[in-house]
Amino acid sequence: MGRPDLNRRQLLAAAGGLAVAGSFGFAALGTGADALASGADTRVRYWNLFSGGDGSNMIAMLDAFRKENPGIAVKDSTLQWGNPFYTKLAMAAAGNRAPELGVMHMGRVAGFSPGRLLDPWDEALLAGYGVRKEDFNPALWNRGVIDGKLYALPLDIHVQLCFYRKDVLKQADLLGDDGRMIPVTSTDEWFDVLKRAKAVQKKGLQTIGLWTNDQNFQWWFFVAFYTQLGGQWFNDDNTEVLFDSDKATQVLEFLRQHVTDGYVIPGAPTGEQFINGAPFTWEGNWSVPVFSGAKLDYGATPLPAVFGKQATHAESHAFVLPHQAGRGGATNEAAHKLAAYVVQHAQQWAAGGHIPAYTPTLATDAYRKLTPQNEYVSAMDHQATEPKVWFAGSTGVLAQDLGPVVVSSTMGSAKPAAVAETMRSRLIKLLASKNPMDGRTAAQGGAVA
């Protein structure tokens, strides 16, 4: 109610001004047969952004669903990751050409005009297929709730991790009796760990891969450590900026010290150096298949609690229902059934490093035997997430605006204290700006559940 109609220009602007490649001529890779061709009673069109190993794991789960549900033909399409995906999804929903089911990063949901571009889930229908609110981390579930309705069904969380080489840390006496890295509870302890690891590592390698010149990683690391300090972003009504410049400066100085103390080689390939013997690298959990495939003797923990409180950056892949004017009936029920099935059978998904959102999966013997996944599963209970506002989320406006200035501090082209003030001023402007999707500010964008 009271929201201006969406148009093509608004949608393109909302997705960062990126034009759709070939208008609607995206390259879409699908594995499902058309419902008419397969003879199935119902077709579910499913758009996702999973490629590589994630794509293979998703296809395996979809094939298992097809085998168990021959009456439902799943037509899955893998589209280009990032803003191009969100642009296409938004335009399809606005033009009544949306698929029955889609995937989004949870952080983008609040800005995707829930109720206009997204339809709410039928929680009773989900429960009938075995998926209930009680089976999820409460904070994660509530991230998908807008104005009291569920708009995003969590599939996983994917987190930033501290990967470490056990062979190097053993030489430096940095492994505990359990064979895992010793706990760290302060910045002094962390830099002592780096110092000891550097003393025994291979020459010519950096001690830690930190993605110093990557705006996304630097932003994710900032979010984690700012959350460890108890830093806030906005008040509950999203009408006032509560960003703490002093705490932000502490985080920025901490990140910068890795460079000034010589533990990082700016621009060095992080994963490759880790495979070649660097003691540490901070990466997303999606690197697990890469490092396991390289046959490394390694572990992975959530980012170290250097400011005393555990918190590691987390995002989430979530299932959504792109808006359809005539949503309902058999196709809608099939979309609910497919999403519920994949969520409940995410053991395969965990092989890609992601932490399944469906908590009963985490209690199974099969999951507990996964390494190093069983070492960082605790991240589910201390997620550091971006604020729940329209401009947040993966590849969102917030990361695009603040990520580069974090990089400037880490790389030394700007002073941490000055960067912290720049971040605050940009947050003030963003809070007052309007979402191109619906013309509303964060304060007008819906109650936070």
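These are my notebook entries from a walk through this predicted model.

**Entry 1: the whole chain**

I began with the overall picture. I counted up the secondary structure of the protein chain and got 19 helices and 15 strands. Next I looked up the radius of gyration, which is 22 Å, close to the 22 Å that the globule rule gives for 449 residues, so the chain is as compact as a globular protein of that length. Along its principal axes, the C-alpha trace spans about 65 × 50 × 40 Å.

I then asked myself what share of the 449 residues counts as buried. It is 56%. The protein chain exposes about 17700 Å², and carbon and sulfur atoms supply 50% of that area.

I also looked at contacts between residues at least 6 apart in sequence: 78% of them join residues at least 24 apart. For the charges, I found 40 positive and 42 negative ones, with mean positions 5 Å apart.

**Entry 2: helix α3**

I moved on to α3, which runs over residues 52–68. Its 17 residues reach 25 Å from the first C-alpha to the last, close to the 24 Å expected at 1.5 Å a residue.

Which residues of α3 are buried? I noted Asp 54, Gly 55, Asn 57, Met 58, Met 61, Leu 62, Phe 65 and Arg 66. Reading those numbers along the helix, I recalled a general point. An α-helix has 3.6 residues a turn, so residues three or four places apart point the same way.

Then I checked what the buried residues of α3 pack against. Their partners are the strands β1 (42–48) and β2 (72–78), together with the helices α13 (329–344) and α14 (347–350).

**Entry 3: helix α4**

The next helix, α4, covers residues 83–94. It has 12 residues and reaches 16 Å between its end C-alpha atoms, close to the 16 Å expected at 1.5 Å a residue.

How many of its 12 residues are buried? I found 11, so I wrote α4 down as mostly covered, where buried means under 20% relative accessible area. The buried set includes Phe 85, Tyr 86, Leu 89 and Met 91, and Lys 88 is also among them. Just after α4, I came to Asn 96, which takes a positive phi of about 60 degrees.

I stopped at Trp 211, in the loop between β9 and α9 (215–228). Trp 211 is not a glycine, although its phi is positive, at about 50 degrees. Its relative accessible area is 27%, so I list Trp 211 as partly exposed.

Lys 295 is also not a glycine and has a positive phi, of about 60 degrees. I found Lys 295 in the loop between α12 (288–293) and β11 (298–302). Is it buried or exposed? With a relative accessible area of 74%, Lys 295 is exposed.

**Entry 4: Lys 203**

I looked for Lys 203 and found it in the loop between α8 (187–200) and β9 (208–209). Lys 203 counts as exposed because its relative accessibility is 76%, and the cut-off for exposed is over 50%. I also noted a pairing across the sequence: the C-alpha atoms of Lys 203 and Ala 278 are 9.4 Å apart, while 75 residues separate the two along the chain.

**Entry 5: around Tyr 376**

Pro 372 sits in the loop between α16 (365–368) and α17.

Tyr 376 itself lies in helix α17, residues 373–376. Its relative accessibility is 0%, so it counts as buried. What does Tyr 376 touch, leaving out residues up to four places away in sequence? My list reads Val 159, Leu 161, Asn 285, Val 288, Ala 300, Thr 301, Pro 302, Gly 353 and Ile 355.

**Entry 6: Ser 409**

My last stop was Ser 409, in helix α18 (residues 397–411). It counts as buried because its relative accessibility is 0%. Not counting residues up to four places away in sequence, Ser 409 touches Leu 252, Arg 256, Ala 414, Pro 416 and Val 419.

Note on methods:
Residues are numbered from 1 along each chain as its sequence is written. This is a predicted model: local features need pLDDT of at least 70, side-chain atom pairs count only at pLDDT 80 or more; totals for chains, interfaces and linings use all residues. Side-chain values use heavy atoms; hydrogens and water are left out. Helices (H or I, at least four residues) and strands (E, at least two) are DSSP runs, numbered from the N terminus. The expected span of a helix is 1.5 Å times one less than its number of residues. Buried means under 20% relative accessible area, exposed over 50%, partly exposed in between (1.4 Å probe, protein chains only). Contact means heavy atoms within 4.5 Å. The radius of gyration is taken over C-alpha atoms; the globule rule is 2.2 Å times the number of residues to the power 0.38. Accessible areas come from the Shrake-Rupley method with a 1.4 Å probe; for residues, only the protein chains shown count as cover. Lys and Arg count as positive and Asp and Glu as negative; His and the chain ends are not counted. The place of a charge is taken as NZ of Lys, CZ of Arg, CG of Asp or CD of Glu.
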